[in-house]
Amino acid sequence: MRYLPLTPEDRADMLGVIGAGSIDELFVDVPAVARRSEPVDLPHHAGELEVEREMLRLSRRNRSAAEGPFFVGAGAYRHHVPATVDHIIQRSEFLTSYTPYQPEIAQGTLQVLFEFQSQVAALTGMDVANASLYDGSTATAEAVMMAQRVTRKTKAVLSGGVHPHYVGAVETLAHAAGVTTLRLPAAIDAEDAVIAAIDADTACVVVQTPNVFGTATDVTKIAEAAHAAGALLIVVTTEAVSYGLLKSPGAMGADIAVAEGQSIGNGLNFGGPYVGLFACKEKFVRQAPGRLCGETVDADGKRGFVLTLSTREQHIRRDKATSNICTNSGLCALAFSIHMSLLGEQGLRQLASLNHQKALATAKALAAIPGVEVLTPRFFNEFAVRLPKDAAEVVETLAAHGVIAGVPYSRLEPGSGLDDVLLVATTETTLDTDITFFAKLLAGAVQ
Amino acid sequence: MSMNTVGRPTRPEAPNDSEAGFTSLSGGRGLLQDEPLIFELGGWTKTGVDLPDAVAADGALAGLTRDEPIGLPGLSEPEAVRHYVRLSQKNHAIDLALYPLGSCTMKHNPRLNEKMARLPGLSDIHPLQPQSTVQGAIELMDRLAHWLKTLTGMPAVALSPKAGAHGELCGLLAIRAAHEAAGNGHRKTVLAPTSAHGTNPATAAFCGYTVVEIAQTDDGRVDLADLEAKLGDHVAAIMVTNPNTCGLFERDVVEIARLTHAAGAYFYCDGANFNAIVGRVRPGDLGVDAMHINLHKTFSTPHGGGGPGAGPVVLSEALAPFAPTPWVVHDENGYKLVEEAEGVAAQAFGRMSAFHGQMGMYVRAYAYMLSHGADGLKQVAEDAVLNANYIKARLSDLMSPAFPEGPCMHEALFDDAWLEGTGVTTLDFAKAMIDEGFHPMTMYFPLVVHGAMLIEPTETESKAELDRFVDALRLLAESAKAGAVERFKNAPHLAPLKRLDETLAARKPKLKWKPVAPAPLAAE
């Protein structure tokens, strides 16, 4: 077997050194009822060629985004990732290293994390950022838990524009921890409506911009209302490229900014692994979840980086930790950081503008179709349209003709009464011909 | 043209200064550059991408646009490649040498898995595109689920948890939901041994449970009498790692399960160490109700400097109805991801995260499983255990094994009794290993053993590599015992950096780059 270096002779020699007669003697502590001498009922080993055949068979049964017009977003976006990114993250020293517990021989990973934190803090307009969480949805849930620790209050108000999957992740964690959640009904332009729901028990207000319907909102007034009630404002973003065009959460008064970072440096991968961005005001940092990388010096006074403030974490604090998180999303954070370095501020702004323009062009083309109404008043690269038909059916019809039209909102939140709403996303990868073809097919499908 | 017959010296001069104290003039070190931060490379107007021109934003976003500088540096492509490759050279990695971190399971990461994860049909697909267009992806999830269920002997699996600790959360939430459905919501205690991973008590506390510790016997196992005394109508679950963090198989695990079930509680098994028994022992045969499996440990998906992971949770018949969404169903029309629970399943707790879990990790883990097969995976467990016992056998005369009697499983645990009186601590010894070219073992964990040193070689080390490692440790151990304290106290000497000041980092947290403040304007 190609991944196992020991030869039968090695095994015999080693058993001799150990003083065991057979490998079974090393498993002597396993109760007799559970001892197995035969392999389980699964296929036996396979060579690379056979494995590739099986994986190719599965791969071919999927329609990849590159195969044609593709307008799917709702929390994951197909952007072009420079070849350099994948080359670097496949370097052995990044790909096959562990959590940097020995800083003297992990300065590569640690410096990258420090740079990543600095980039995320700049993008979100916040004081500090952590070294990443699993994804945007779990980062949002962790932010709600953190707000509870900071305010010692136990109610979270979620706007009707928060991605329903994010609401689900928040509810899972919140209910486990005894935090109550008030999620307002889904609405296209909903962020301001949360102000009325804030009361003295409110620990945090969770708003998303651009929201799940694509609506971009200046949340400054919500921040003021939250702060007046002693609550924190958590601003969620599922499309990190929007930071290049829209006001940052920090500039609008956010206490905690969380985001899905997949858009920068990471592929779609059918939903994961992604990278959760988490940033907050400096005064709250000791309540933050996840790993933090900090600058220090070595015994010779040279600058170096270490994991720090770990007294918040589970391996030190156990049941008193700020979170149970151990693993983060290091390699995806690296991909994010490399892509961000390649873009630079100028490239990010340009990329964001391109995304916005494609969305404007697409919205214009769709709005011209009789019976199709663009619902989102202010958007970045994604918007909602109302169709004269069930959106899920339309998506299936167009898929059969080679266009993946977007996400029917009903898939995210069945029973919301928005079965005719379709979420349409564009990126810099969208071609003008994609837009034309989409509009033509949609016009036919909704007649 | 004449040859240069004078030439240059081809033999080194006899050293006339000692290595100690030698530093370069510029901060470089041999081939290692002293690499600045991206923020210090001066690229405030640079970019490494060529994008089409974009026109300025339209009026529709008036008042919402970001008009202030963001503060992000850019690098051209050659600068970026160099920056990151230079940084990479300051990392240890499993591709360079043994990574003996006990409980972390750093094994070889096959490159075939990386290649498969990059097939466009598996990587360039969106979690929310119509299910009719991703039948192969859903089938792959179903195949992976089948392998995990068969290997563990369990009837159900929740794939979506994103890492081990996330899996623990999933398992405990399923347990909580099951108790609540049965009218047993008053059960608010979780029992866990002192040797547990920190994530166990952290997860239990997160779920609103009070954690009570179970005592350990002198031979490193759960104390059955203490467990029995602490079980009762208030206990929701026990969390036991098996093989445990001392590297030992819980001999009485079947009895542990029986006692737990008799008390009306569930048995959560931390499956971080499943790699020691995969293909040889099925947790389902031991009475386990829920167990997470770290795909990045047992099934070799890369750790990437700390993640991503993936932590599917297998569930018993009793807990299966309480699995989170989504899950896969399969009929004559094909594969379907059920994203919204209906009917009895709606009493479960919902979803762990957005979308369907760590697909990129599923692909890698499935490729690894297919490669090894049932026979190879059994050999994986056997070789992992053999390698650990070999290390234990070869070091036991110089170092003190914490549990000398009987075999260990996939990792060998030593305490620091053998260092007593040498002036060398576990930390010093670990740091000195760096100078010998090896990554240290896990230190000071588990907490039940003084000055713990936990060595896990995994099955992907050759005997020659193990011997090289053991020989280096033996030389170090002899040196410590001979009183060469200096070698240890200031170690590492030869790493890219000397020992780092972690106290300073925590006392004055500096968590991002800040521009150097401009010099104050001179008074006019």
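This is a predicted model: local features need pLDDT of at least 70, side-chain atom pairs count only at pLDDT 80 or more; totals for chains, interfaces and linings use all residues.
Residues are numbered from 1 along each chain as its sequence is written, and chains are lettered from A in the order in which they are written.

Chain B holds 13 helices and 13 strands; these are DSSP runs (helices H or I, at least four residues; strands E, at least two), numbered from the N terminus. The C-alpha trace of chain B spans about 85 × 75 × 65 Å along its principal axes.

Now to the place where the chains meet. The contact takes 164 residues from chain A and 173 residues from chain B, with two residues in contact if their C-beta atoms lie within 7 Å. On the chain A side, helix α10 (residues 330-367) gives the most, with 21 residues.

| Helix | Residues meeting the partner helix |
|---|---|
| α1(A) | Arg11(A), Met14(A), Val17(A), Ile18(A) |
| α9(B) | Leu386(B), Asn389(B), Tyr390(B), Ala393(B), Arg394(B) |

Helix α1 (residues 8-18) of chain A and helix α9 (residues 359-395) of chain B pack at an angle of about 45 degrees, their axes 9 Å apart. That angle makes α1(A) oblique to α9(B), because angles under 35 degrees count as roughly parallel, over 145 as roughly antiparallel, 65 to 115 as roughly perpendicular and the rest as oblique.

Note on methods
Axes are lines fitted to C-alpha atoms, for helices over the stretch in contact, and angles run from 0 to 180 degrees between N-to-C directions.
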